[in-house]
Amino acid sequence: MYTIENPTSEKDIEDYFAFRWRWLRQPFGYPQGSEKDEYEGVSEHRVVKNLNGEILACGRVHLNTTEEAQIRHIAVHDDYRRKGIGQIMLAGLEQVARDLGAERAVTNSRESSINFFKHNGFRIIDDAPNELGKLKRKQMCKKLFDTNTLLMHPKWCRELQTTWHEQIPITEHMGIKLHQYTERTIETRASLNKNVNLHGTMFAGSIYSLATLTGWGMIFLQLKQKDLEGEIVLGEGSIQYHKPINKKPRAICNIESMNTKFELLKQGKKTPVSLTVEVLDNETSVAQFTGQYWVLPPKT
Ligand SMILES: CC(C)(COP(=O)(O)OP(=O)(O)OC[C@H]1O[C@@H](n2cnc3c(N)ncnc32)[C@H](O)[C@@H]1OP(=O)(O)O)[C@@H](O)C(=O)NCCC(=O)NCCS
């Protein structure tokens, strides 16, 4: 389970720059301090942390113009690469850019990260100045429409959204929408206005429904990805509420939290799937749901 945070305390900011230096400058023999530039004060900074509070990734975004956001300094801890954490970081920065009103994101990518950015919808538009005097780079760009937040498999994502609305009508009443799917992470959002209680915060039952549907959606999309079929039912669920929601309800499930053996389903057997969903208010973690689902093999 990961969270995206905005480092604000002195210690958090120090750790953030130390992480950036460790993974982007130290490997090339540059001293501490070289990781900073003149745009730090006008930038939005983010880190991805695990449940122990350790930083696993960092990244930064600032506006070049009112329409264009520049993404820089993305790095993932060496031990955690190719697990989708870079994608989580990038998606978080793109969302900040959208919230700032940007219509496109640009980045100067090192040759070694071009495939990562391509995988996330960026395309090369030009050569960019070398980094640290030696690393060749390309300027890459991505249009930031709301629709391209559904990064991967838009057909399955539309199918999931339709299934929810047709078979689970409460999703429509709650304004639940699939916001993003990256093969490893699903993010859903709900309307606060449609789920508000007497205190002006989100109704706890709606938070629970948002979390269970997010887990359900993750399994639905994973089954599609593995070309499997089955009926998904929730067997058991528990949720811990830590804080109220009064801004932007979001729920995220990462594949790392999922535990299952889809081989059982291939053998026509009922298959247990356990997973964790994190519920956030904007970027603050507010609740954690643990679910035990079952996938029932299709009736023949
Ligand atoms: C580039 C970087 C941020 C990617 O982070 P990551 O967490 O490993 O990336 P993800 O797991 O989210 O990768 C998503 C997809 O991008 C592509 N990708 C990522 N790294 C790749 C690599 N080294 N080679 C080829 N494709 C890559 C793959 O398609 C990957 O999906 P897959 O693992 O299912 O095949 C990370 O490798 C890093 O920190 N590199 C060093 C610092 C750096 O170069 N930063 C960029 C500065 S411009």
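Which helices and strands each supply at least two residues of the shell around the ligand? I put this to a predicted model, and I found that helix 1 (10-25), strand 4 (68-76), helix 2 (85-99), strand 5 (104-110) and helix 3 (114-119) each do so.

**Ligand shell.** I counted 19 residues surrounding the ligand, and I noted Arg81, Gly86, Gln87, Asn115 and His119 as the closest.

**Helix 2.** I recorded helix 2 as mostly covered, with 13 of its 15 residues buried. Just after helix 2, I came to Gly101, which takes a positive phi of about 95°.

**Helix 6.** I repeated the length check on helix 6 (residues 204-225), where 22 residues at 1.5 Å each should span 32 Å, and the end C-alpha atoms, 32 Å apart, agree with this. Following helix 6, I noted Asp227 with a positive phi, near 60°.

**Domains.** I looked up the division of the protein chain and found domain 1 (3-148) and domain 2 (150-296), whose centres, taken over C-alpha atoms, are separated by 27 Å. To the contact, domain 1 gives 13 residues and domain 2 gives 12 residues. On the side of domain 1 that touches domain 2, I found that strand 1 (3-5) and helix 2 are the elements giving two or more residues, and I classed the residues of that side as eight polar, three nonpolar and two charged.

Technical notes. Residues numbered from 1 in each chain as written. Predicted model: local features only at pLDDT ≥ 70, side-chain atom pairs only at ≥ 80, totals over all residues. Near = placed C-beta within 6 Å. Helix = DSSP H or I, 4+ residues; strand = E, 2+ residues; numbered from the N terminus. Buried ≥ 20, exposed ≤ 12 C-beta atoms within 10 Å, placed from the backbone. Expected span 1.5 Å × (residues − 1). Domains from an automatic or database assignment. Contact = placed C-beta atoms within 7 Å. Nonpolar A, V, L, I, M, F, W, Y, C, P; charged D, E, K, R; others polar.
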